[in-house]
Amino acid sequence: MGDKKKISPRNVPDRDSKYMALAWIVAGFSKDPNTQCGAMIIDSKNNPLGWGYNGPPRLIDDNSFSWGRPEKYDKIIHAEINALRHAVGDVSGTTLYVTGMPCKRCMLHIIESEIERVVYTNFESDQDSSLHNKEEKEATLDLVRLSGIRLDKFNGNIYWLLDWIDKLKEVGVFELQ
């Protein structure tokens, strides 16, 4: 009995890398042809409380308006707001993982919700994206300074997703019907 070799658990991504990858997966649900953003709200016990991606409200048909800029901006709800609206339970003290730096409007909602930490990817989409707006970024950073929320640029690694996809291919998941 004592001769059995102990089998160690497999390596998994660290907390930030795990949840940022999930935010990017959620971003893939957005129908925006230019910029896909995703957000995940995670509590201190690693429970996901909410997730969202950028898109119009449910009652607006995705095909009823132009997704071009700037026309789409009046009809799209940002990923952070959707994550907050669809969250289950109290989100105060949680961490929000988001695929781009929140705009000032979203940051106001984040502050109001008492989220403790925001982790964002330094993703700016293309040159015409609102994510490139320097004044918007400064306004967001000013709100962060005033509120005391911790804002961290993601410095983890989501390459583990590629390894996981290879593993799923290996076991035949993509051939299931």
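Q: What is Tyr-120 in contact with, leaving aside its neighbours within four places in sequence?
A: Tyr-120 touches Met-20, Val-98, Gly-100, Met-101, Pro-102, Leu-151, Asp-152, Lys-153 and Phe-154, where contact means heavy atoms within 4.5 Å. The model is predicted: local features need pLDDT of at least 70 and side-chain atom pairs count only at pLDDT 80 or more, while totals for chains, interfaces and linings use all residues. Residues are numbered from 1 along each chain as its sequence is written, and side-chain values use heavy atoms, with hydrogens and water left out.

Q: Why is Tyr-120 called buried?
A: Buried means under 20% relative accessible area, exposed over 50% and partly exposed in between, with a 1.4 Å probe and protein chains only. Tyr-120 has a relative accessible area of 9%, so it counts as buried. In the chain as a whole, 40% of the 177 residues count as buried.

Q: Where is Tyr-120 found, and what is its bridge partner in strand 5?
A: Tyr-120 is found in strand 4, and its bridge partner in strand 5 is Lys-153. The C-alpha atom of Tyr-120 is also separated by 5.5 Å from that of Thr-99, which is 21 residues apart from it along the chain.

Q: What makes strand 4 and strand 5 a pair?
A: Two strands pair if DSSP finds at least two bridges between them. Strand 4 (residues 117-120) and strand 5 have four bridges, in the parallel sense, and therefore meet that requirement. Strand 3 and strand 4 likewise pair in the parallel sense over four bridges, with Leu-96 opposite Val-118 in strand 4.

Q: Which strands pair in the antiparallel sense?
A: Strand 1 (residues 38-42) pairs in this sense with strand 2 over five bridges, and four bridges join strand 1 to strand 3, which also run antiparallel. Ile-42 stands opposite Pro-48 in strand 2, and Met-40 has Tyr-97 as its bridge partner in strand 3. Strands 1 and 2 form a hairpin with five residues between them, and Asn-46 in the turn has a positive phi of about 70 degrees.

Q: How do you know which strands are at the edges of the sheet?
A: The five strands form an open sheet in the order 2-1-3-4-5, with mixed pairing. Strand 2 (48-53) and strand 5 (150-153) are the edge strands, each pairing on one side only. The twist averages 15 degrees from one strand to the next.

Q: Which way do the residues of strand 3 point?
A: From strand 3 (residues 95-98), Thr-95 and Tyr-97 point one way and Leu-96 and Val-98 the other way, and all are buried.

Q: Why is helix 3 called roughly parallel to helix 4?
A: Helix 3 (residues 104-112) and helix 4 (residues 134-147) pack at about 15 degrees, with axes 8 Å apart. Angles under 35 degrees count as roughly parallel, over 145 as roughly antiparallel, 65 to 115 as roughly perpendicular and the rest as oblique; therefore helix 3 is roughly parallel to helix 4.

Q: Which residues of helix 3 and helix 4 make the contact?
A: Helix 3 contributes Lys-104, Arg-105, Met-107, Leu-108 and Ile-111, and helix 4 contributes Glu-136, Ala-139, Thr-140, Leu-143, Val-144 and Ser-147.

Q: How many helices and strands does the chain have?
A: The secondary structure comes to five helices and five strands, taken as DSSP runs numbered from the N terminus: helices are H or I of at least four residues, strands E of at least two. Along the sequence the pattern is α-β-β-α-β-α-β-α-β-α.

Notes: Axes fitted to C-alpha atoms, helices over the stretch in contact; angles between N-to-C directions.
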